[in-house]
Amino acid sequence: MVDDLPEVEAVGEAADGAAALRLLDGLDRGAWPDVVLMDLQMGDGMHGVEATRRITALPDPPAVLILTTYSTDADILAAVEAGATGYLLKDADPDDVVGAVRAAARGETVLAPPVAARLLGRVRAGRPTLSPREREILGLLAEGLANRQISRRLFISEATVKTHLVHIYDKLDVDSRTAAIAAGLAGGLIRPV
């Protein structure tokens, strides 16, 4: 689709986030893209949120436009917090995708209507917000990991995990791991495993 646009040139394609970063690193500034289209889940490699965070931290970064099938609150918030300029779903009309690419290249924020509706609903409902680390820990809880396993996975102490859990329980108004997972799933803070 992008190749068919007369004023747009695709400068590369990458299988995962690490490959995207390597591709950008190897480009001459004259071929530097205005927009990077990024998926969130790309196999076993670096996921899209981390790649977005690293790309937007570069000097004079391109806009990062998320194009994915994932539309949970957790995915949307993580991408926006990582610096994404926009968020579209893969079932979007091709003309909408083209318009979003052009808008992102102009520096405009682009949100698919369902994504914008989710964000507005979240703000209006006053749902609890968890920090990125708290959402990460809640997601690992949902995977069934114990505190020790979480601490090893995230390279933090078990005491730090426990502190995060206290904050998560408080914010979600729950008193157990199971209740926290249920509240996180119901509130769209984490994706079903």
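Hi everyone, let me start with a crossover: strand β2, helix α3 (residues 73–81) and strand β3 form a right-handed β-α-β unit. Right-handed here means that, with the strands pointing away from the viewer, the path from the first strand over the helix to the second runs clockwise. Helices (H or I, at least four residues) and strands (E, at least two) are DSSP runs, numbered from the N terminus.

A quick word on the source: this is a predicted model, where local features need pLDDT of at least 70, side-chain atom pairs count only at pLDDT 80 or more, and totals for chains, interfaces and linings use all residues. Residues are numbered from 1 along each chain as its sequence is written, and side-chain values use heavy atoms, with hydrogens and water left out.

Now the sheet. It is open, with 4 strands in the order β1-β2-β3-β4 and parallel pairing; two strands pair if DSSP finds at least two bridges between them. At the edges sit β1 (35–38) and β4 (110–111), each pairing on one side only.

Let's look at β2, residues 63–68. Is this strand mostly covered or uncovered? Mostly covered: 6 of its 6 residues are buried, that is, under 20% relative accessible area with a 1.4 Å probe, protein chains only. Ala63, Leu65 and Leu67 point one way, while Val64, Ile66 and Thr68 point the other.

On the β1 side there are 4 parallel bridges, and Leu37 has Leu65 as its partner. Towards β3 there are 4 bridges, also parallel, with Thr68 opposite Leu89. Finally, β3 joins β4 through 2 bridges, where Gly86 partners Val110. Thanks, folks!

Definitions and conventions. Buried means under 20% relative accessible area, exposed over 50%, partly exposed in between (1.4 Å probe, protein chains only).
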